[in-house]
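Welcome! Take a moment to look over the model below before reading on.

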Amino acid sequence: MKFCNKIITTRSQYAGAAQHKCHCPKGHSGECNEFPFLEHLKTVAPSVANKIKRDATMTTGAAWKSENAGPNRILRWVMMLDDEDLLEYGLDMSKLKPGVIAKLREKAADYDSCILVAAKLTWLVYQMENAPIPPTEIRKYLENLFGEMEPNSTLCVICKLPLDFNLFNLAVRGKAAIETCHKNPRMHNSDNVGFGHRECNIAQGNKSLDEFYSWINGIISRVNSES
């Protein structure tokens, strides 16, 4: 699919880090839109739409902001800038701990990849059990990008059990029961992203799926050898 790609003005303090673009199909009618595939979810499930946009475009960090903890959330493509350029946005990396810097840099991704991640997550949401039915225009848009949708086909990236859309409404101590996951936590692109149960995502930690499964198999082998 070819996008419109008309530049969209933004009031973000990081506007100079990347040009925001229209992702409606090329030659579309009506206003330009950076996230046209989220318009339906914004109406029927705004918290889910906000989560998709947030997880696709923002890094994650501590639940607070301090010199030790670093920024809570920041645009992923901003973290692709070098330290000198980040100073222009009031981000002094020299004041952060090495572990915080490594985590922020690990979450970096270019603007175009982040938009495609948001679209991929939307495509997966509509294929969950009990998910809302997307309008035909949005369904065709997403299928042109990622293939035909199959109802009830979205699985937890980690444990491979089906995911229910209603899990988005469940939370324990303020934490959602379903989270955005990465097959390899060090890569943020549409081929590497999905959804998973919170407990599965916690268990995987910073391991890739291959590393995680190997670790689990090692535990099982050791347990069986003692039986």
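Here is a short tour, from the whole protein to a single residue.

This is a predicted model, in which local features need pLDDT of at least 70 and side-chain atom pairs count only at pLDDT 80 or more, while totals for chains, interfaces and linings use all residues. Residues are numbered from 1 along each chain as its sequence is written, and side-chain values use heavy atoms, with hydrogens and water left out.

Eight helices and six strands make up the protein's secondary structure; these are DSSP runs numbered from the N terminus, with helices (H or I) of at least four residues and strands (E) of at least two. Along the sequence, their pattern reads β-β-α-α-α-α-α-α-β-β-β-β-α-α.

Some values for the whole protein:

| Property | Value |
|---|---|
| Box of C-alpha atoms along the principal axes | roughly 65 × 50 × 30 Å |
| Share of the 227 residues that count as buried | 44% |

Here, buried means under 20% relative accessible area, exposed means over 50%, and partly exposed lies in between, using a 1.4 Å probe and protein chains only.

Now zoom in on Ile-8, which sits in strand 1 (residues 7–8). Is Ile-8 buried or partly exposed? Its relative accessibility is 22%, so Ile-8 counts as partly exposed. Leaving aside residues up to four places away in sequence, Ile-8 touches His-20, Lys-21, Cys-22, Cys-32, Asn-33 and Glu-34, where contact means heavy atoms within 4.5 Å. Ser-94 lies 86 residues from Ile-8 in sequence, and their C-alpha atoms are 33 Å apart in space.
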